[in-house]
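I opened a new notebook page for this chain. My notes follow the model.

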Amino acid sequence: MTDTVKLLSLAVATPDNIILQTDAAETAARLFSDRFQDFKYLARVFESTGIRKRHVARPLSWFEEPHGWQDRMAAYTEVASELFRRSATAALQRAGLEASQVDCIVTASSTGLATPSLEARLAGEMGFRSDIERVPIFGLGCAAGVSGLAVATKMARSRPGAVVLFVAIELCSLAFRLDELTRPNIIATALFGDGGAACVLRAGESGIAEIESTGEHLFPDSLGIMGWKIDDTGFGIILEQSLPVFAETHLRNAVAGILERSRLLLSDIDRFICHPGGAKVLSALEKSLGLEDGSLDIEREVIGDYGNMSSPTVLFVLERAIAAGLPERSALLAMGPGFSASCITLRRVA
């Protein structure tokens, strides 16, 4: 049996509540226009994102009321558990496996806190074994769809034949703040959605794709670009306006360095599969990576249908890329708090 790790399956899930972007814009205007003088200027972001709709943890009316930590984390535990259950069950079914065959679970989530962690809460219901290894990951944000998958890959590679389940769950909408009269909070109301994705990995002979290499790059002196500030009400978003410019300027060299450590070049990548952080970020990625305008078409489709769901979003893109047919070599790419870039290369399995 070979020690190359294969992606056996992938499944995604979203909450049942859907918010149309037009409804989000109208609600935000009603909640903020009289209290925030720059709202009229910022309101254009609801159209410029390219987002048509988003799936969220709670109905739109829930966000019109004030909520504290208890409300937010109760919603997180309930809905994140459901998305974990649905995405993981579907991924295991597609791989032809039972939950009892899973040897390790890596769970990435940065939009809520649950102790015991999500996979522990669901272990009995789903049928995971009592000797299962659990690796919860918090704090990687949007990059966790790639960097968490990299952690899962290392777990699978170290145990040939073991089944590793990777799950990324984010409920970004629960960080919506009525009390935050700031540019980042307004942009967040126009940009972020909720969702989950699960992948099954195993070092062995067959699968959808071989996970060839993994790597990360941490940019120095960049803590203020993206992240959370935390207070009594909950999470509050940190999001620098300069993010697209930063990505366009610095990403290419970072990705080239990651690939070089695996003896690869940018020209070896047939298709970049990117986390769609936003319309401006996608344009910046295309420029930085030397791609033609509009090349990241699946990314634009996903953000249009779901918004930015943080970590699972790149896996939604990967699901559609698999359906369209993977090229010989592709690269998953995401950026997140730190500020950091994460990259995984995939080889198509013949």
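Is Cys-142 buried or exposed? I looked up its accessibility: Cys-142 counts as buried because its relative accessibility is 6%. The cut-offs are under 20% relative accessible area for buried, over 50% for exposed and partly exposed in between, with a 1.4 Å probe and protein chains only.

I note the ground rules here. This is a predicted model, where local features need pLDDT of at least 70, side-chain atom pairs count only at pLDDT 80 or more, and totals for chains, interfaces and linings use all residues. Residues are numbered from 1 along each chain as its sequence is written, and side-chain values use heavy atoms, with hydrogens and water left out.

**Entry: Cys-142**

I checked the record. UniProt, in an unreviewed entry, puts the feature "active site" at Cys-142; such annotations may be inferred rather than shown by experiment. I found Cys-142 in the loop between β5 and α6 (144–157). Helices (H or I, at least four residues) and strands (E, at least two) are DSSP runs, numbered from the N terminus. I listed the contacts of Cys-142 (heavy atoms within 4.5 Å). Leaving aside neighbours within four places in sequence, they are Met-226, His-275, Asn-308, Ser-310, Ser-311, Ala-334, Met-335, Gly-336 and Pro-337.

**Entry: the sheet**

I traced an open sheet of nine strands with mixed pairing, in the order β5-β4-β6-β7-β1-β8-β13-β12-β11. Its edge strands, β5 (133–137) and β11 (271–274), each pair on one side only. Pairing here needs at least two DSSP bridges between two strands. I then took β12 (residues 329–336) and β13 (residues 340–348): they pair in the antiparallel sense over eight bridges. Ala-334 stands opposite Ser-342 in β13. Ala-334 is also one of the contacts of Cys-142.

**Entry: α10 and α11**

I looked at how these helices cross. The axes of α10 (residues 297–306) and α11 (residues 313–324) come within 9 Å and cross at roughly 125°. That makes α10 oblique to α11; angles under 35 degrees count as roughly parallel, over 145 as roughly antiparallel, 65 to 115 as roughly perpendicular and the rest as oblique. Axes are lines fitted to C-alpha atoms, for helices over the stretch in contact, and angles run from 0 to 180 degrees between N-to-C directions.

**Entry: α9**

I picked out the buried residues of α9 (residues 279–289): Val-281, Leu-282, Ala-284, Leu-285, Glu-286, Ser-288 and Leu-289. They pack against α8 (243–260), β11, α10 and β12. Just after α9, Gly-290 takes a positive phi of about 75°.
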